[in-house]
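Here are my notes for your first look at this one. Have the model open while you read.

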Amino acid sequence: MDFLNSMQLEFANTLLKWYDKNGRKSLPWRKDITPYRVWLSEIMLQQTQVKTVVPYFHKFLQNFPTIKNLAQAKSDQVLFLWSGLGYYARARNLHQCAKIIVNEFAGKFPNDFTTLMQLPGIGRSTAGAILAIAFKKSYPILDGNVKRILTRLFAIKAWPGQTAIEKNLWQYATNLLPKNRLDDYTQAQMDLGATICVRRKPLCGECPVNQYCQAYAKQVTDIIPAKKPRKSLVEKQTNLLILVDENNGLLLEKRPDFGIWGGLWSLPENQDISKINHVIKERFACELIKISLLPAFTHTFTHFKLLISPYLIRVKIAVNQVMDNMSLQWYHFNECKKLGLPTPIKNLLQRLELTL
């Protein structure tokens, strides 16, 4: 800890001098800083690279320039604009959080840690980033970039996701906070981790704070931070039903708000194709004309792999039957482009449209 106390001021000052010359100040959320813009960017940047987030950030602000606009939007519109960014619970939490702030806080972002932590989708690091960047308050962050910097700075060889290790990292992050320029310091850490202290082949020779880095001194930056212990991915299987009627209408099903692709429109699923005739008649109120199996493909999620077998099913809508399911809707292929669809489903339908 003596080492930490002695380096605290010098570390922050050195990092801030580097940031003044090399910081990524052109990023869209670094301009016209407001709590809303900071929050939106922080949620989008969770487990997602900057280059992927930039167009989504612009798109969201064009459609929802204020938090009130976001709160008043329909869920389908929010999910459509989020489609392709992944981890869709973030979008649902974002929308719900906006509603709470508008309804309970008159549209003004809370500026205290306890209240922020009670809002959906906001964890400790996100709350710290909002408070430090938007309100210039003294709170640390511990995103992936900062974890990497700190584990190398203090030569911590254990996996940083362990509870005890993460607790220590939070303490280090707190102790290193400077007295002033909390907003710039927070963003400087993000930039250092994203451009210099990268996961593979860090640019240690160009690092402005390498004189404080114990991993650099011990030449162990290549093994720090330790990788998360790998688990073999579980493999699952599903059958997707692509029901197309005589007018090339497509039947879609809205998924529950929880689970994979939560709240998005997708294709109906059925695990027992041997009973498909009965399912088409009873569940979808249609008559089977023709069924054909399309090439199967695999989509990988964080915790499992999903083998998808798509079936193209030509049907005729039964005049004397009605679907008793509000989550099932017929759409024209052009209409599907305006819906929030999972990326693999969107790609599948785009390929299929060319053949119909």
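Which residues touch the most other members of the largest nonpolar core?

1. They are W39, F60 and L252, in a core of 99 residues. A nonpolar core here is a set of buried Ala, Val, Leu, Ile, Met, Phe, Trp, Tyr and Cys residues joined through side-chain atoms within 4.5 Å; buried means under 20% relative accessible area with a 1.4 Å probe, protein chains only. Helix α1 (residues 2–22) gives this core its largest share, seven residues.

2. A word on the source: this is a predicted model, where local features need pLDDT of at least 70, side-chain atom pairs count only at pLDDT 80 or more, and totals for chains, interfaces and linings use all residues. Numbering runs from 1 along each chain as its sequence is written, and side-chain values use heavy atoms, with hydrogens and water left out.

3. Back to W39: setting aside neighbours within four places in sequence, its contacts (heavy atoms within 4.5 Å) are I67, L70, L94, C97, A98, F109, I122 and I130. Another core lies apart from the largest one and has twelve residues, including L241, L243, F284 and L328.

4. Now zoom out. You'll find 15 helices and seven strands, counted as DSSP runs (H or I, at least four residues, for helices; E, at least two, for strands) and numbered from the N terminus. The C-alpha atoms fill a box of roughly 80 × 45 × 35 Å along the principal axes.

5. Of the protein's 356 residues, 48% are buried. Take the contacts between residues at least 6 apart in sequence: 67% of them join residues at least 24 apart.

Technical notes:
Buried < 20%, exposed > 50% of the residue type's maximum accessible area, 1.4 Å probe, protein only.
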